[in-house]
Amino acid sequence: MNGKRKYFFHNIKPPKSQLKPYLLTMQSLSINLIIVKEKSSSMIQIKINEKEVSVPPHSTLLKVKNQFKPDADVIIYNGFPISSDHSIKEGDEIVFIQKGEIPSPEEFECLMMARHAPGIHQKVKRSVVGIAGLGGLGSTVAIALARIGVGTLILVDFDVVEPSNLNRQQYFIHQIGMPKVEALQENISQTNPYVKVRPNYEKLDQNNVERIFKEATVVVEAFDRAEEKAMLINVISEKMPEKYIVAASGVAGYGDNNEIRTVRFSSKIFVVGDQKTAAQPGVGLMAPRVGIVAHHQANTVLRILLGEEK
């Protein structure tokens with residue numbers, strides 16, 4: 001070496017005969033890196049017991065069960081119990097339940113609503129529904145709405161529980177003599193403790209309807225007397241025309257089930273019943289038919305809350 005020559009690493013180039021293959025190799029490497037990156041980011045998002053989780057594509061129910069809750073006895077997939085393995089897709093909602101296990105408070109509400117269709121609970125939990133009258137109709141509607149997780153129930157009644165109520169109303173022997181609003185609040189807390197109940201132990205009239213139901217999206221009319229029904233519907237229609245009303249007419253006796261219908265009287269008013277059979281001497285009120293009407297009312301409320309009755 002005479003010190004006159006200098007060599008630089010960055011000046012080293014592959015022979016011309018090797019240039020083309022060299023470039024192809026680098027290009028292939030780049031493509032492979034991109035593919036690896038895409039594969040690593042292709043996890044799918046699902047919900048397990050109401051928590052957002054990421055799982056690999058092509059996962060199955062049993063694989064996910066073994067990973068997250070291997071002792072689960074019940075698998076509910078998008079609101080439906082399933083015992084066989086099933087592939088999972090983006091957005092699926094899965095609930096794993098171990099029979100006999102007392103869930104944490106965080107999990108309990110999720111497990112209660114596991115049989116809902118996906119997305120229902122999030123919508124109804126934000127809702128406020130008023131119920132005027134807590135007899136056979138009103139108490140049954142309230143329990144049904146509590147079971148589906150309606151967020152807030154405004155309950156109004158001025159009466160107390162007495163023995164003849166027990167043939168059709170949602171109360172118990174030990175509650176005889178209690179104000180209905182207190183007894184029903186107690187029963188709702190044992191049905192779904194996550195529902196907020198606002199009890200109003202007072203008689204509704206044209207002067208307090210607006211104050212009591214101002215936050216409700218829907219008001220359920222569940223009175224016995226025609227004049228009370230008319231008062232409530234008229235006041236809400238005049239003072240709060242944006243609110244929906246779900247009323248009842250013709251619930252007595254033991255007539256044909258299929259005569260009970262839900263009729264839309266106007267854009268905001270629905271009336272449930274056979275429209276003809278009123279309670280009178282010789283035609284009583286009994287749990288089966290009252291329950292049919294009440295659950296028609298509850299389902300109509302649910303459809304309104306979900307935007308199905310616009």
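Colleague: Leaving aside neighbours within four places in sequence, which residues is Glu309 in contact with?

Modeller: Tyr244, Arg264, Phe270, Arg303 and Ile304 are the contacts of Glu309 once those neighbours are set aside. This is a predicted model. Each of these contacts stands for heavy atoms within 4.5 Å. Glu309 itself lies in the segment after helix 9 (287-305).

Colleague: Is Glu309 buried or exposed, and what makes it so?

Modeller: The relative accessibility of Glu309 is 16%. Buried means under 20%, so Glu309 counts as buried.

Colleague: What makes you say that the charged end of Lys268 sits over a ring, and which ring is it?

Modeller: The ring is that of Tyr244, and the charged end of Lys268 is 4.1 Å from its centre. The distance limit for this label is 6 Å, and the charge must also be within 35 degrees of the ring normal. The pair counts as a charge sitting over a ring. Tyr244 is also one of the contacts of Glu309.

Colleague: How many aromatic pairs does the count come to?

Modeller: The count comes to 1 aromatic pair. Its rings belong to Phe108 and Tyr194, with centres 6.1 Å apart. The limit for a pair is 6.5 Å between centres.

Colleague: Why is the pair of Phe108 and Tyr194 called tilted?

Modeller: Their planes stand at 40 degrees. Stacked needs under 30 degrees and edge-to-face needs over 60, so the pair is tilted.

Colleague: Which parts of the chain does the pair link?

Modeller: Phe108 is in helix 3 (residues 105-112), while Tyr194 is in the loop between helix 6 (180-191) and strand 8 (196-200); the two are 86 residues apart.

Colleague: What do Phe108 and Tyr194 count as by relative accessible area?

Modeller: Phe108 has 33% and Tyr194 has 30%. Buried would need under 20% and exposed over 50%, so Phe108 is partly exposed and Tyr194 is partly exposed.

Colleague: And Val141, buried or exposed?

Modeller: Val141 has 0% relative accessibility, so it counts as buried. Val141 lies in helix 5 (residues 136-147). Beyond four places in sequence, Val141 is in contact with Ile131, Val220, Ala294, Gln297 and Ala298. The C-alpha atoms of Val141 and Ile131 are 8.1 Å apart, at a separation of 10 residues along the chain.

Colleague: Where does Val220 stand in the pairing of strands?

Modeller: Val220 stands opposite Val246 in strand 10. Strand 9 (residues 218-221) pairs with strand 10 (residues 244-248) in the parallel sense over 3 bridges. A pair needs at least two bridges, so strands 9 and 10 qualify.

Colleague: What is the order of the open sheet of 7 strands?

Modeller: The order is 8-7-6-9-10-12-11, with mixed pairing.

Colleague: What makes strand 8 and strand 11 (261-264) edge strands?

Modeller: Each of them pairs on one side only. Neighbouring strands of this sheet are turned by 20 degrees against each other on average, direction ignored.

Colleague: How many strands form the sheet with the order 2-1-5-3-4?

Modeller: 5 strands form that open sheet, and the pairing is mixed. Strand 2 (51-55) and strand 4 (80-81) are its edges, each pairing on one side only.

Colleague: How do you know that strand 1 (residues 44-48) and strand 5 pair?

Modeller: They share 2 bridges, in the parallel sense. The requirement is at least two, so this pairing meets it. Ile48 stands opposite Ile94 in strand 5. On strand 3 (residues 74-77), 4 bridges reach strand 5 (residues 93-97), and these two run antiparallel. There Ile76 has Val95 as bridge partner, and Val74 has Ile97.

Colleague: What makes strand 5 mostly covered?

Modeller: Of its 5 residues, 4 are buried. Over the chain of 310 residues, the buried ones make up 44%.

Colleague: Where does pLDDT stay under 50?

Modeller: Residues 1-40 stay under 50, and the model has 2 contacts for them beyond four places in sequence. Where pLDDT is low, predicted coordinates should not be read in detail. The chain averages a pLDDT of 88, with 87% of the residues at 70 or above.

Notes: Residues numbered from 1 in each chain as written. Predicted model: local features only at pLDDT ≥ 70, side-chain atom pairs only at ≥ 80, totals over all residues. Heavy atoms only, no water. pLDDT = per-residue confidence, 0-100. Phe/Tyr/Trp six-rings, centres within 6.5 Å; stacked < 30°, edge-to-face > 60°. Buried < 20%, exposed > 50% of the residue type's maximum accessible area, 1.4 Å probe, protein only. Axes fitted to C-alpha atoms, helices over the stretch in contact; angles between N-to-C directions.
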